[in-house]
Amino acid sequence: MPPKNSHANRFVTKVGPTTDPELKSWIDSANLPDCDFPIQNLPYGVFSTNVHYAPRVGVAIGDQVLDLAALESDGLIETGSKQSIFARPTLNSFMALGPDSWDRVRKRLSALLCRDEAALRDNAGLRRRALISLSEAVLHRPFEVKGYTDFYASREHATNVGTMFRGPEKALMPNWLHMPVGYNGRASTVVVSGSDVRRPWGQIKPDGSNAPTFAACDKLDFELELGAVVGIGNAIGEAVTVEQAQRMIFGYVLLNDWSARDIQLWEYQPLGPFLAKAFATTISPWVVTCAALEPFRVAGPEQEPEPLPYLRQSSPNNYDIQLEVALRPNGVEHATTIARTNFKHMYWSSAQQLCHHSVGGCAMQTGDLLGSGTISGEARDSYGSLLELTWNGTAPLELGGGVTRTYIEDGDSITFNGWAEGEGYRIGFGECRGAILPAHPLNK
Ligand code: CA
């Protein structure tokens, strides 16, 4: 279903000083047009190296990581905190400082990396200590995930799944157009890109059988999502507005909400997914900030019926972010792109989801992760899961060389890429990748 709003592609905000397309860095690799990490991006992550083991906060710039702990100890950036904020293994302390600090640090980093600024450019000693090649960096999970909530906000995805299991007449549940539907997932199993994922065990009820068996998942799937990272929270009992929620979000990561479809089908009624989505959730290593994405804010689809007053938005809160999914089958050298879509089509925005999450009095916290829900477009090749791409296994994907897939097999890897396309630059996320290990040999 296409977005009804004719302004869906409109750039709505002015370019700020850190997102000016004309900005160039003295780090040449950051100025290449297809670079994921130009000076306009400045995404935050946590890294270490084989010679400096302590994980600390860094920013990706071109093909380098800039060590913010090193800049902080040399007095080149300051956060207003008396304690070190960046010599830490997570982004949580920095995020908790709030939007004014995020803005101040971003402007300082943009200035330090700008072509005409000499403070770091001409300080060879500090440059040697503070700039590390991305190829030598070990990337860690960038923040401590305090809570993980997964939503279900793509009308196309909800319609496809509902059609498959309930028929086209009852595809959307009666509540779907009135609230961002979600469930509380597991923060403990959120892993960073590159981590292997083990095929889960669980209860599965075979077709035609009256009783379940205990077996390894046979219908292992991915879900293409973005994760909104909550930077600052709200007190218990204090609801936030959509506008406040928008300012509480620090940034976004790519998110793969791995799903065991056969386990899910047997367990999900009446309380929703449980073990089928609790074995692993993979996120990309760089948190792309809302500040970097600001030029790409667009209006989402028109919401009809109009949401209840607390969920209405006065600003465009969707983002124009292009997304791709690639599958590399076990033993095959090359991956095949199996889906392309865009985050801008989502029916409910992350700000609406965060607002709705808080309205009953739930305290949201620094480091909460909100999965957007599977991002599917209208076209068959824009679906964000194998459940949809193969229509629950009835239409296998042809991957070339005679290789086909319905669901993910052992040794296969799934890679997401995402980027916002600017004028002469792109705001990339870096990849979100995971390979599947065989199920653990349990004593049944
Ligand atoms: Ca999901």
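Predicted model: local features only at pLDDT ≥ 70, side-chain atom pairs only at ≥ 80, totals over all residues.
Q: To start with, how many helices and strands does the protein have?
A: The secondary structure comes to 11 helices and 27 strands.

Q: What share of the residues is buried?
A: Of the 444 residues, 55% count as buried. The accessible surface comes to about 18900 Å², and 51% of that area belongs to carbon and sulfur atoms.

Q: What about contacts between residues at least 24 apart in sequence, what percentage do they make up?
A: Taking contacts between residues at least 6 apart in sequence, 72% join residues at least 24 apart.

Q: Let us turn to the sheet with E1 in it. What is the strand order?
A: Five strands form an open sheet, and their order is E4-E3-E2-E1-E5 with antiparallel pairing. The edges are strand E4 (131-133) and strand E5 (138-140), each of which pairs on one side only. From one strand to the next, the twist averages 45°.

Q: Which helix packs on that sheet?
A: Helix H3, residues 99-113, packs there and touches E1, E2 and strand E3 (64-67). The direction of H3 makes about 65° with that of E1.

Q: How many bridges join E1 to E2?
A: Strand E1 (residues 44-48) and strand E2 (residues 56-61) run antiparallel and are joined by four bridges. Within this part of the sheet, Tyr44 stands opposite Val59 in E2.

Q: Where is Ser29 placed relative to E1?
A: Ser29 lies in the segment before E1.

Q: Is Ser29 buried or exposed?
A: Ser29 counts as buried because its relative accessibility is 16%, and the cut-off for buried is under 20%.

Q: What does its side chain pair with?
A: The side chain of Ser29 makes a polar contact with the side chain of Asp63, at 2.9 Å. Beyond its neighbours within four places in sequence, Ser29 is in contact with Cys35, Gly62 and Asp63.

Q: Changing topic: how many residues of helix H10 are buried?
A: Nine of the nine residues of H10 (residues 350-358) are buried, so the helix is largely enclosed by the rest of the structure. Among them are Cys355, His356 and His357.

Q: What covers those buried residues?
A: The cover includes strand E6 (148-151), strand E7 (182-184), strand E13 (224-230) and strand E14 (249-256). Helix H7 (242-248) and strand E22 (369-371) also contribute to covering H10.

Q: Now strand E25. Is it mostly covered or mostly open?
A: Strand E25, residues 413-421, is mostly covered, with seven of its nine residues buried.

Q: How does it pair with E20?
A: E25 and strand E20 (residues 322-328) pair in the antiparallel sense over seven bridges. One of the positions is Arg328, whose bridge partner in E25 is Ser413.

Q: And what joins E25 to E27?
A: Strand E27 (residues 432-437) runs antiparallel to E25, and four bridges join them. Ile414 stands opposite Gly434 in E27.

Q: How many bridges are there with E26?
A: E25 and strand E26 (residues 426-428) pair in the antiparallel sense over three bridges, and Ala420 stands opposite Ile427 in E26.

Q: Which residue in that hairpin takes a positive phi?
A: Gly424 takes a positive phi near 85°. The hairpin of E25 and E26 has four residues between the strands.

Q: Last topic, Asn392. Where is it?
A: Asn392 is in the loop between helix H11 (386-389) and strand E23 (397-398). Its C-alpha atom is separated by 36 Å from that of Gly422, with the two residues 30 apart along the chain.

Q: Why does Asn392 count as partly exposed?
A: Its relative accessibility is 25%, and therefore Asn392 counts as partly exposed; that class lies between the 20% and 50% cut-offs.

Q: What does Asn392 touch?
A: Leaving aside neighbours within four places in sequence, Asn392 is in contact with Met164, Phe165, Lys219, Leu387 and Tyr407. With Tyr407 there is a polar contact between the two side chains, at 2.8 Å.

Conventions: Residues numbered from 1 in each chain as written. Heavy atoms only, no water. Pairing = 2+ DSSP bridges. Helix = DSSP H or I, 4+ residues; strand = E, 2+ residues; numbered from the N terminus. Axes fitted to C-alpha atoms, helices over the stretch in contact; angles between N-to-C directions. Contact = heavy atoms within 4.5 Å. Buried < 20%, exposed > 50% of the residue type's maximum accessible area, 1.4 Å probe, protein only. Polar contact = N/O pair within 3.5 Å; in protein donor to acceptor, adjacent residues only side chain to side chain. Areas by Shrake-Rupley, 256 points an atom, 1.4 Å probe, with all protein chains shown as cover.
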